[in-house]
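The structure comes first, and the description follows.

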Amino acid sequence: MSDTATAEHHVPSVRALDCPACGGSLEIMAAGFTTNIVCQYCGSELDAVDPEIKLIARHQEAAANLEIPLGTRGTLHGVEWAAIGYLERSDNWSGWAEYLLFNPYHGYRWLTRTNAGWSFGTPLMKLPNGADQPYFEFEGKRYKTFNADMVITTDYVLGEFYWRAYKGDLARATDYVAGNKMLSEETNGDEISWTLGEWVPFAEMHQAFGTPKNREWPRTGAAPLPHQPSPYPKDLINFSIIAFVFAAIGLALATFSGLPGQRKSIDISVDYNKPSQEWTLGPIDVPNREGIVTVETAGRVASNSYVDFDFRLVERNTGEQIAAAAALERYNGRDADGDWSEETNDATLKFSSVPAGSYNLEVEATPARDSGFSGSAYNVTLTAYAGGIFLSNYLLFLLLLFTPVLFLLFRHISFVNHRHSESDAADDD
């Protein structure tokens, strides 16, 4: 294809003519620029340059049922375009349609239609840089190879063109992609042409030309266009912002509601010569309707021993009880791999959903010792207070909150992987 024709000195007019093959009435939308027209009634190729409109080749072929009938006008990028030509083209893998658009003040543009969607192409007057590079640069963007050295066949021709378009024409093409734009290099004989393609959403095409409101990928059932942007980043960002805001609010509320009340502490001495010992700690006041009572146990018990703690939270007025347990332990020894040790020096437990009231914490310690035990008593500090946060609940809240974000991230990654899988240069990306 040659470069685009402009109308700086001459505005083309609409020219009416009759097809010499079938007598059908035709209109040349870009008279003075159009060199070749294919009759929409019989498919015959006509020479539009000759004043008498000579017949180049006679065909008996009905016009295609087009999504955009020739002569239709539509506005894209603020410019009204008329659809004047139509091609059906294919390579070894797939086929697609190309509409030639024309505006007397802006020249020619292309609309390419595949199963995945639409692309708006602008023929370039300025060539991109990078003939000796594995990529091309144009207008500050770096375009990487997506599909290379494709052989393209023209399978169907209809309407008017600024070069001689005919069925069976062969060309070689390479596509380069950067974001939602694509550079296409096409070679036909000694002639090389470049087109800058930009993805166009179905909704925008419907508004411009009345084409069907197809849904975007993956509902189209086809792979995304090489330069089709992922539809998920905008929602991904919005949902992420919402999730982080609510996560911060949830953390603030949990922290505020879990602020500890007055701490009650006691130092106890666990005697390993006694089967069990008891202590009482309190009062612990729970002001809210349902609150949390936290009990912290800290101390380093004797070697090769452990202490079981049984806790009973007893309401001072009603005698109602809530029970829980914890343990401290310490073991060491030597084996074939050398010295080893295991110990738990502190334990924290939380009583959840504690009704409002005033409580005493009753503690029973039961020590035990194994072979190699050394020592007879050890000090342990017990601390209890109303308040605290269940970290597991907050983590579950975060998981539920970020589930939509993770889902959108998965869909975005799937989209990108699917798009790159269609490239014969995907490994280089």
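Is Glu186 buried or exposed? Glu186 is buried, with a relative accessible area of 14%. The model is a predicted one, and every value below is computed from it.

**Salt bridges**

The structure holds 10 salt bridges. One of them joins the side chains of Arg89 and Glu186, with 2.8 Å from N to O. Arg89 belongs to strand β7 (residues 79-90) and Glu186 to strand β14, so this pair ties together parts that lie 97 residues apart in sequence. Arg89 is buried, at a relative accessible area of 5%. Glu186, at 14%, is buried as well, since the limit for that class is under 20%.

Another salt bridge links the side chains of Asp149 and Arg172, again with a value of 2.8 Å from N to O. Asp149 sits in strand β12 and Arg172 in strand β13, so the contact ties together parts 23 residues apart in sequence. Asp149 is partly exposed, with a relative accessible area of 47%, and Arg172 is partly exposed at 41%. Salt bridges with shared partners also join Arg89, Glu98 and Glu186 into one network.

A further pair is Glu137 and Arg142, whose side chains meet in a salt bridge of 3.5 Å from N to O. Glu137 counts as partly exposed at 35% relative accessibility, and Arg142 is partly exposed at 46%.

| Salt bridge | N to O distance |
|---|---|
| Arg89 and Glu186 | 2.8 Å |
| Asp149 and Arg172 | 2.8 Å |
| Glu137 and Arg142 | 3.5 Å |

**Cavities**

A search of the whole structure gives 2 cavities of 30 Å³ or more. The largest cavity has a volume of about 100 Å³. Its lining consists of 12 residues, and those nearest the centre are Arg89, Thr154, Trp163, Asp169 and Glu186. The partners of the buried salt bridge, Arg89 and Glu186, are therefore among the residues nearest the centre of this cavity. Strands β7, β13 and β14 each contribute at least two residues to the cavity lining. By type, the lining of the largest cavity has 7 nonpolar, 2 polar and 3 charged residues.

**The largest pocket**

Several strands each supply at least two of the lining residues: β8 (95-103), β9 (107-113), β10 (118-123), β12 (141-161), β13 (170-178), β14 (181-188) and β15 (191-200). Which strand gives the most to this lining? That is β12, with 6 residues. The pocket lining divides into 17 nonpolar, 14 polar and 9 charged residues.

**A nonpolar surface patch**

On the surface, Ile237, Ile241, Ile242, Val245, Phe246, Ile249, Leu253 and Phe397 form a nonpolar patch. Together these residues have about 740 Å² of accessible area. How many residues of the patch come from helix α2? Helix α2 (residues 233-257) provides the largest share, with 7 residues. Ile237 is one of the residues found in helix α2.

Key
Residues numbered from 1 in each chain as written. Predicted model: local features only at pLDDT ≥ 70, side-chain atom pairs only at ≥ 80, totals over all residues. Heavy atoms only, no water. Helix = DSSP H or I, 4+ residues; strand = E, 2+ residues; numbered from the N terminus. Nonpolar A, V, L, I, M, F, W, Y, C, P; charged D, E, K, R; others polar. Patch = residues over 30% accessible without salt bridge, like charges linked within 9 Å, V, L, I, M, F, W, Y side chains within 5 Å. Areas by Shrake-Rupley, 256 points an atom, 1.4 Å probe, with all protein chains shown as cover. Salt bridge = Lys/Arg side-chain N within 4 Å of Asp/Glu carboxyl O. Buried < 20%, exposed > 50% of the residue type's maximum accessible area, 1.4 Å probe, protein only. 1 Å grid on protein atoms, 1.4 Å probe; cavity = no way out; pocket = protein on both sides within 12 Å on 5 of 7 lines; lining within 4 Å. Points joined across faces, edges and corners; volume = space filled by probe spheres on them.
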